Amino acid sequence: MSDTAIQGVTSEDRSAIRNAATIIALRDRMSDSPKVLMGQRGAKAAFMPNKFVFPGGAVDLADASVPLAQPLPEVCRARLAEQASDGLDHTLAIAAIRELWEETGLILGHPGDWQEEIAADWQGFAATGHLPSARALQFVFRALTPPGRPRRFDARFFLIDADEISGDLDDFSQASDELSHLQWIPLSEVRSFDLPFITEVVLAEVTGRLHDRNPPTSVPYFCNNDEESLFLRLKGHPMPEID
């Protein structure tokens, strides 16, 4: 399996594996009722219609050139660099922050003014007076969509504490219409929603990390290539069984 970056992939090339970034935002993480931010995909969506998912999506061409006010934690950069092209860690972090903004209207950034030309997808974000910041992102999971699906993504999942988000956590007024029914769902109730299989797997990993605020040194990788499906761990540790 080769790691294919978004560069050079056109909107008509549906067979290519596209790099993607997803954000798992946890609210009231240390309380008796932690919550996770999710929304529902549309019934006509080509990928996972009607499913409740985390905010996220494919890397855009412009993401590689957007600067970060604060970088990813070094351990996360190291894990993202495994079996990936050079510089992709930066691009994925930018994509994750952009997708959170586009799909929820929530800001993960540091106050500041942009000193360079602002890409079209970032003008609304920039107008809030923030620069994207990856300091709070924690790389916790990677999954490659199985062959035969209408879209295939090499998705990296980033965990953040909701306390790191700027503004009102319940204000989704700036969100696009890609996700409906945006809400903070109690972890104790989330499995009653219509979830993709991989989302359930990721939730199990996240639940196990609730009280650990440090970025993981070893990251699960659900690799579905043309030959087989494998649960691996970046940095060589065996993947534990999932109930």
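Visitor: In which strand is the place of Gln-40?
Guide: Gln-40 belongs to strand S2, which covers residues 35-41, and please keep in mind that this is a predicted model.

Visitor: Why is Gln-40 called buried?
Guide: The relative accessible area of Gln-40 is 19%, and buried means under 20%, so Gln-40 counts as buried.

Visitor: What makes the pair of Gln-40 and Asn-50 a polar contact?
Guide: A polar atom of the Gln-40 side chain lies 3.0 Å from the backbone oxygen of Asn-50, and the cut-off for such a pair is within 3.5 Å. Leaving out residues up to four places away in sequence, Gln-40 also touches others, including Phe-52, Glu-178 and His-181.

Visitor: How do you know that Thr-199 is buried?
Guide: Thr-199, which lies in helix H4 (residues 197-207), has a relative accessibility of 4%; because buried means under 20%, Thr-199 counts as buried. Not counting residues up to four places away in sequence, Thr-199 touches Met-38 and Phe-54.

Visitor: Which residues have the most contacts inside the largest nonpolar core?
Guide: They are Ile-23, Leu-137, Phe-158 and Ile-160, in a core of 41 residues. Helix H2 gives the most to this core, with 9 residues. Leaving aside neighbours within four places in sequence, Leu-137 is in contact with Ile-23, Phe-158 and Ile-160, among others. Apart from this core lies another, of 27 residues, among them Phe-47, Val-140, Phe-157 and Val-206.

Technical notes. Residues are numbered from 1 along each chain as its sequence is written. This is a predicted model: local features need pLDDT of at least 70, side-chain atom pairs count only at pLDDT 80 or more; totals for chains, interfaces and linings use all residues. Side-chain values use heavy atoms; hydrogens and water are left out. Helices (H or I, at least four residues) and strands (E, at least two) are DSSP runs, numbered from the N terminus. Buried means under 20% relative accessible area, exposed over 50%, partly exposed in between (1.4 Å probe, protein chains only). Contact means heavy atoms within 4.5 Å. A nonpolar core is a set of buried Ala, Val, Leu, Ile, Met, Phe, Trp, Tyr and Cys residues joined through side-chain atoms within 4.5 Å. A polar contact is a pair of N or O atoms within 3.5 Å; within protein, one must be able to donate a hydrogen and the other to accept it, and residues adjacent in sequence count only if both atoms are side-chain atoms.
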